[in-house]
Amino acid sequence: RRPLVVLTGASGFVGLHIVDELLRRPIELIVFMRSSPGQSGDQRLESLLRESNLASSETLATIKVLEAE
């Protein structure tokens, strides 16, 4: 079984780069993410990673996003 990593703060500059680095490793990644008006937590994370040119569609599919308040 792959190690499990749970991450908060993924929407900031440092957090996005941590997500990018973790996606290169054989782990299971769970990210807590707030939604925003018109975007779910997973849509928001995908948008932020794409805007920063950090993650591909294949790697984004491996992240489990849990919406947090």
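Predicted model: local features only at pLDDT ≥ 70, side-chain atom pairs only at ≥ 80, totals over all residues.
Reader: Why is Leu4 called partly exposed?

Author: Leu4 has 49% relative accessibility. Buried means under 20% and exposed means over 50%, with partly exposed in between. Leu4 therefore counts as partly exposed.

Reader: What makes Leu4 part of a nonpolar surface patch?

Author: Patch residues need over 30% relative accessible area, and nonpolar side chains are joined within 5 Å. Leu4 has 49%. The patch is made by Leu4, Val6, Phe32 and Leu66, and its area is about 320 Å².

Reader: Where in the fold does Leu4 lie?

Author: Leu4 lies in strand S1, residues 4-7.

Reader: How do you know that S1 and S2 pair?

Author: Two strands pair if there are at least two bridges between them. S1 and S2 (residues 28-33) have four, and the sense is parallel. Within this pair, Leu7 stands opposite Val31 in S2. Between S1 and S2 the chain passes through helix H1 (residues 13-22), and this β-α-β crossover is right-handed.

Reader: What makes S2 and S3 a pair?

Author: S2 and S3 are joined over five bridges, again in the parallel sense, where at least two are required. Leu29 stands opposite Ile63 in S3.

Note on methods: Residues numbered from 1 in each chain as written. Heavy atoms only, no water. Patch = residues over 30% accessible without salt bridge, like charges linked within 9 Å, V, L, I, M, F, W, Y side chains within 5 Å. Areas by Shrake-Rupley, 256 points an atom, 1.4 Å probe, with all protein chains shown as cover. Salt bridge = Lys/Arg side-chain N within 4 Å of Asp/Glu carboxyl O. Helix = DSSP H or I, 4+ residues; strand = E, 2+ residues; numbered from the N terminus. Buried < 20%, exposed > 50% of the residue type's maximum accessible area, 1.4 Å probe, protein only. Right-handed = clockwise from strand over helix to strand, strands pointing away.
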